[in-house]
Amino acid sequence: PNGDTLVVTNSKSGSVSVIDPHTLKIRSVFTGCPKASDAVVLPNSSKAFIACSGTRQVMVLGLAQHPDKNHPKRRTLPDRELALLDVGQMPVHLALKPDGGEIFVSNFGSDTISEINTSTNEVGGAYLVGAQPAYGIVSSDDSTLWVSNFNADTIGVYSINDGRLINTVHVG
């Protein structure tokens, strides 16, 4: 979001590349994310979350920040791996709430979504949403998650505030 970092998932090599778009150079490479498939960066550009579809995990990276303009000599931490979070089987997609507070993971192989608190890097739970959830999107008011169910021809409607599936919509 701040234009200083590009996060690239490398599915075949099971890695994640962090690129500086200003210099067009790779800044960091992180291995250990089999079949890396999707990435989201928090609105403040401090962290990236990557779905490792070949496992049951989401990788969390702390992203390097430019020095504070008021304190140009202050050192910042480099790009670094913060955690590997256990979620459901075959996480394929990450849906970030517009406020950046939570991420919802579509666990294709578990028929669930997992909820991640982005400030604490903790998984809050897993919830059944349908057959092979593949993609999700959060409403602009942060209240509803819409999840496409690949093997059910449905869209699951999940109430974020209530923590439960409230409806399904049959589609083609």
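**Close-up views of a predicted model**

**Figure 1. Strand β10 in its surroundings.** Strand β10 (residues 112–117) is largely enclosed by the rest of the structure, because five of its six residues are buried. This and the following views show a predicted model. On one side of the pairing scheme, β9 and β10 run antiparallel and share six bridges. Within this pair, V105 stands opposite S114 of β10. Strand β10 also pairs with strand β11 (residues 122–128), again in the antiparallel sense and over six bridges. Here S114 stands opposite A126 in β11.

**Figure 2. The two hairpins that include β10.** A hairpin is formed by β9 and β10, with four residues between the strands. In its turn, D111 has a positive phi of about 60°. The hairpin of β10 and β11 likewise has four residues between its strands. The residue with a positive phi in this turn is N121, at about 60°.

**Figure 3. The largest nonpolar core and I116.** The largest nonpolar core consists of 13 residues. F49, V58, L94, I103, V105 and I116 have the most contacts inside it. Two or more residues of this core come from each of the elements β5, β6, β7 and β9 (102–107). Leaving out residues up to four places away in sequence, I116 touches F49, V58, L85, V87, G101, E102, I103, V105, E122 and V123. Another core, of twelve residues, lies apart from the largest one. Its members include V16, V18, I50 and M59.

**Figure 4. The four-stranded open sheet.** The strands of this open sheet are arranged in the order β4-β5-β6-β7, and their pairing is antiparallel. β4 (36–41) and β7 (80–86) are the edge strands; each has a single partner, so one side of each is left without a neighbour in the sheet. On average, neighbouring strands of the sheet are turned by 20° against each other, with direction ignored. Strands of a sheet pair through backbone hydrogen bonds, either parallel or antiparallel. Between β6 and β7 the antiparallel pairing extends over six bridges. In this pairing, M59 stands opposite L84 in β7. M59 is also among the residues of the twelve-residue core.

**Figure 5. The disulfide between C33 and C52.** The structure holds one disulfide. A disulfide is a covalent bond between the sulfur atoms of two cysteines. Here C33 is joined to C52, with an S to S distance of 2.0 Å. The torsion about the S-S bond is about -105°, so the disulfide is left-handed. The pair links distant parts of the chain, 19 residues apart: C33 lies in the loop between β3 (25–31) and β4, and C52 lies in strand β5. Both C33 and C52 are buried.

**Figure 6. S53 in the loop between β5 and β6.** S53 is located in the loop that connects β5 (47–52) with β6 (57–62). Its relative accessible area is 13%, so S53 counts as buried, the limit being under 20%. Apart from neighbours within four places in sequence, the residues in contact with S53 are P34, K35, S37, M90, P91 and V92.

How values were computed
Residues are numbered from 1 along each chain as its sequence is written. This is a predicted model: local features need pLDDT of at least 70, side-chain atom pairs count only at pLDDT 80 or more; totals for chains, interfaces and linings use all residues. Side-chain values use heavy atoms; hydrogens and water are left out. Buried means under 20% relative accessible area, exposed over 50%, partly exposed in between (1.4 Å probe, protein chains only). Contact means heavy atoms within 4.5 Å. Two strands pair if DSSP finds at least two bridges between them. Axes are lines fitted to C-alpha atoms, for helices over the stretch in contact, and angles run from 0 to 180 degrees between N-to-C directions. A disulfide is a pair of cysteine sulfur atoms within 2.5 Å. A nonpolar core is a set of buried Ala, Val, Leu, Ile, Met, Phe, Trp, Tyr and Cys residues joined through side-chain atoms within 4.5 Å.
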